[in-house]
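Let's take a walk through this one, stopping at a few spots where the geometry tells a story. Keep the viewer open as you read.

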Amino acid sequence: MKPSEENLKYGTEMVNQHPIFSRLYGKIITSTNKYMGKNIAAVVNSNGYIYVNKDTYLTPKEWAYTIAHCQLHLAFGHFDAEKMPGYEKAAPDGTTEKKVSCNLHLWNAACDIYITKFLSDIKFGTPLCTDPITSFPGSLTDELKIYDYLVEHNVPCDNQKYSTADSYHMDMEGLEKPIVYNEKTQAHNRYAACFAYALAESVTDVVSDAGGHERNERKDTPPAKAARWFIDHYPLLGGLAASFKIIEDSLYCQKNEIQIAAVDASLGEIYINPAAGFQMEEWKFVLAHEYLHAGLSHHQRCQGRDPYLWNIACDFVINGWLQEMQIGTMPEGGLLLDEKLKGMSAESIYDMIQSDLRKYMKMNTFRGYGKGDVIKGKPGTFSDSNSHATLDDFYKNALMQGLEYHTEHDRGFIPAGLLEEIRTLAMPPIPWDVKLAKWFDCFFAPLEKHRTYARPSRRQGATPDIPRPRYVPDNIPTDSRTFGVVVDTSGSMSAKQIGMALGSIASYAASKEVPLARVIFCDAKAYDAGYLAPEDIAGRVTVQGRGGTVLQPGIDLLEQAKDFPKNGPILIITDGYIEENLCVKHTHAFLIPYGNRLPFRAKGEVFYFKEQ
């Protein structure tokens with residue numbers, strides 16, 4: 001590691017250990033001279049990214065100072081349009097547009113001077129320049145006053161003196177598009193809220209240390225009060241509320257990019273960012289949202305879908321329910337709510353939003369942009385002296401018991417969709433092999449047997465004087481009791497998966513007295529294995545190819561075959577890594593491994609099998 005990079009590492013550690021700066025936002029991204037320029041140490045943009053030049057040689061304390069300088073640009077709201085000179089608010093009638101008219105270089109310089117004075121006062125790190133109080137006789141307690149002084153005295157924009165960039169660049173990127181907070185986007189500056197919270201927390205820590213006692217667990221914060229409200233007054237979610245641990249830690253949320261809240265059902269923890277600045281009613285909404293994520297097993301129901309898009313689909317459903325139930329107040333800021341999606345399931349919404357990824361990939365969850373508030377960890381267990389159960393089972397039971405008590409005592413309205421989902425949790429899932437057997441039943445009814453005297457019974461010889469008929473099956477043409485099997489034999493399909501699927505098909509075909517099945521193997525090409533008996537499907541078939549996955553040639557070969565019935569069903573065995581525009585005209589079904597997904601919305605049944 002270069003000396004410059006090692007100093008940067010130590011400087012970053014100094015920031016992370018500071019009681020204030022460790023709690024502030026600012027994601028550090030390392031870069032080089034090639035992209036930033038030789039004399040630029042660091043720049044920050046309005047999205048909260050701090051780009052540092054690892055090729056620049058600074059001491060660890062100078063790096064700590066530089067990173068803190070960039071964090072304070074965000075914390076002091078220097079990117080906010082309302083704080084910038086020349087800002088005009090829009091009139092209620094819309095006659096005045098919101099705009100900012102100022103010299104951006106001078107505004108950046110004024111902000112640099114203000115931050116330099118602040119860091120000099122608190123004596124953090126090693127300054128890159130002298131205290132500006134020696135050069136400016138005016139007040140340095142307000143950025144606007146500093147800006148006015150620079151304009152009035154025609155002070156040149158010497159950014160290099162107080163900035164972390166050079167004289168040709170500003171250390172604030174994106175000032176030409178300042179942030180305007182409104183109800184449709186963001187209602188407040190989360191960076192400033194985080195800074196205010198960090199100051200309060202650091203003061204509390206100092207006072208606690210001076211008093212010689214440890215800080216007790218916070219019990220009177222708005223999130224804690226909201227959690228107790230569910231336990232005391234809302235039985236539907238009271239059981240879930242009692243089972244979760246609320247963790248209010250702005251530092252943890254800052255490091256894990258949690259803007260408001262997130263839930264990890266595997267650990268039984270909900271992470272709350274106190275810097276969000278919400279009131280108790282808003283925290284009620286947030287906590288109820290996270291409780292339902294866990295209780296309805298959204299972390300387990302993803303099943304191969306894109307986790308972020310699945311999270312968005314679940315958020316639309318939950319937020320709609322909470323609005324109907326009037327639990328708390330939904331926080332402002334463009335969160336996921338759409339009346340047009342009312343009554344739709346999460347699965348249906350997921351299929352819909354896949355057609356407009358540009359729109360929905362930009363939406364925010366309670367965790368923030370590009371992050372799902374459902375954190376999927378390892379399955380946990382809940383144990384007491386009498387039993388051991390998975391946490392998922394515990395959450396389901398808590399939700400079902402809460403529903404029973406809630407309805408029995410008439411404690412409030414519950415949407416029909418939520419009621420249906422909770423009751424579905426009480427029904428054990430039907431195994432995939434049972435579903436597959438029912439699918440076979442739809443096409444191959446049991447053959448009825450009838451009596452005939454044309455072929456005497458075997459017992460006729462024992463009673464030659466008494467004629468005895470024999471039971472024989474109906475004389476149904478063999479080609480009417482057959483089906484097609486298209487098997488994905490690409491490299492992504494394991495031999496165990498293929499063997500398990502084919503074995504299940506063979507056993508059901510034999511039990512339904514299906515004499516033959518038409519089998520097609522597909523990878524880069526289609527291989528026609530012809531008609532095979534069930535026992536041949538199970539064990540005596542040699543897989544010929546292991547190339548890419550293209551199933552359409554195999555489907556076409558089977559549907560166009562003259563010896564295959566026009567109404568014959570087709571069962572497609574694949575792992576889901578196939579083309580996105582597969583066209584199947586016959587009645588069909590898919591058999592894929594549990595946890596995988598098809599790249600399109602299937603028109604036929606989909607069965608998910610688990611490897612044993």
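Bear in mind that this is a predicted model. Start at Glu559, which sits in helix α20, residues 552–559. Here's a curious thing: Glu559 is buried, yet it has no salt bridge. The nearest side chain of opposite charge belongs to Lys585, and that is 5.6 Å away, whereas a salt bridge would need the charged atoms within 4 Å. So what does the side chain of Glu559 have close by? One of its polar atoms lies 2.7 Å from the backbone nitrogen of Lys585. If you skip the neighbours within four places in sequence, Glu559 is in contact with Ile570, Val584, Lys585 and His586.

At the start of α12, a side-chain oxygen of Asp306 comes to within 3.1 Å of the backbone nitrogen of Tyr308. After the helix comes Gln326, which has a positive phi, near 55°.

Last stop: strand β12, residues 484–488, where five of the five residues are buried. Both faces are covered, with Gly484, Val486 and Asp488 on one side and Val485 and Val487 on the other. Five bridges join β12 to strand β13 (residues 517–522), and the two run parallel. To find your bearings in that pairing, look for Val485, whose bridge partner in β13 is Val519.

Definitions and conventions
Residues are numbered from 1 along each chain as its sequence is written. This is a predicted model: local features need pLDDT of at least 70, side-chain atom pairs count only at pLDDT 80 or more; totals for chains, interfaces and linings use all residues. Side-chain values use heavy atoms; hydrogens and water are left out. Helices (H or I, at least four residues) and strands (E, at least two) are DSSP runs, numbered from the N terminus. Buried means under 20% relative accessible area, exposed over 50%, partly exposed in between (1.4 Å probe, protein chains only). Lys and Arg count as positive and Asp and Glu as negative; His and the chain ends are not counted. A polar contact is a pair of N or O atoms within 3.5 Å; within protein, one must be able to donate a hydrogen and the other to accept it, and residues adjacent in sequence count only if both atoms are side-chain atoms. Contact means heavy atoms within 4.5 Å. Two strands pair if DSSP finds at least two bridges between them.
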